[in-house]
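Hi everyone, thanks for coming. Let me put the structure up, and then we can walk through it together.

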Amino acid sequence: MKDNKLLNMLLQNHGEYISGEEISRRLGISRTAVWKQINKLRLEGYEFEAVSRKGYRLVHTPDKLEFTAVIEAMKTNSFGRRLKLIDVTTSTQEEMRLLAEQGAPSGSLIIAEEQTSGRGRQGRKWLSPPGKGIWMSLLLRPELPLTCAPQLTLLCAVAVCRAIRAVTGVDAGIKWPNDLLVQGRKVCGILIESVGEDELIRYCIAGIGIDVNLEPEDYPQELLAIATSLKMESGQDCNRAVLIGAVMNELEKLYELYVEQGFGPICHLWEALSITMGKEITVKTARGDIQGIAEGLDPSGALTLISKDGQRINIYSGEVQLGG
């Protein structure tokens, strides 16, 4: 509990320096122990200024999600209503998989302040620092064949893209199938993992990672050229609870539309938000690179590409790069 006492002391003197000697005396711990606890708080998203002979000054406290604020931001009937907020987890996907196997209902939502082993598409690690992004997984139990799972991936991309545009004004676009980019840099990744039985979807988990209030210094140097955040693009902080509510509202509305009318309306919405359509692209697949012009989506959700020799090719999986 000593780190809580230290935090309370710093919060009570927010903006003022407290010497390491004073902290050490009041908490009855060594100066080395003070330094270790300050570093632990830094890992939790607190930011300090440390000045020789002055001590430590708290300059930023992490924006922690509040259960009530998230629930109040939703206008849904079921999506997100069964909500679990956690501070730290390896992966919200793994947390939700355990709940799904225990019979959690469709629409259940897990949100973590931090992921230590967040996962993106194709097994990539997803940077998930505390208090600055939206790291969440939504459980769906659609009565659909497994072949429809790619359509749900595209539906999620449309919902998140619409929510981001509405809440922040940031001009995000979709790169097939479900990466959201702003001026060529990735701001959101979506991972759909499906579990089937007798060729039907038993359940699927939509993992959504949005870089909301990250600063350039939060990224490793090698990611700065390819990743961005909503704050970096808009120049202002974004209320994460409001954005979560907007995402859930869009997801439920589009999911109901999909159940009632099929993939057609979702396809049109996806194409309207896509930065891939009509562009020359290279798709890296297990069988090698395929180049051509992205024409649109076929009824299954596959990307239709017109190759340089005029062939129409459907791409079901692969990594898209803009340009030939």
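In the largest nonpolar core there are 69 residues, and I210, L243, V247 and L251 touch the most other members. By nonpolar core I mean a set of buried Ala, Val, Leu, Ile, Met, Phe, Trp, Tyr and Cys residues joined through side-chain atoms within 4.5 Å, and buried means under 20% relative accessible area with a 1.4 Å probe, protein chains only. The largest share of this core, twelve residues, comes from α6. Apart from this core lies another, of 15 residues, including L10 and Y56.

A quick word on what we're looking at. This is a predicted model, where local features need pLDDT of at least 70 and side-chain atom pairs count only at pLDDT 80 or more, while totals for chains, interfaces and linings use all residues. Residues are numbered from 1 along each chain as its sequence is written, and side-chain values use heavy atoms, leaving out hydrogens and water.

Now, how enclosed is α6 by the rest of the structure? Of its 20 residues, 15 are buried, so α6 is largely enclosed.

Of its 324 residues, 50% count as buried.

Conventions:
Helices (H or I, at least four residues) and strands (E, at least two) are DSSP runs, numbered from the N terminus.
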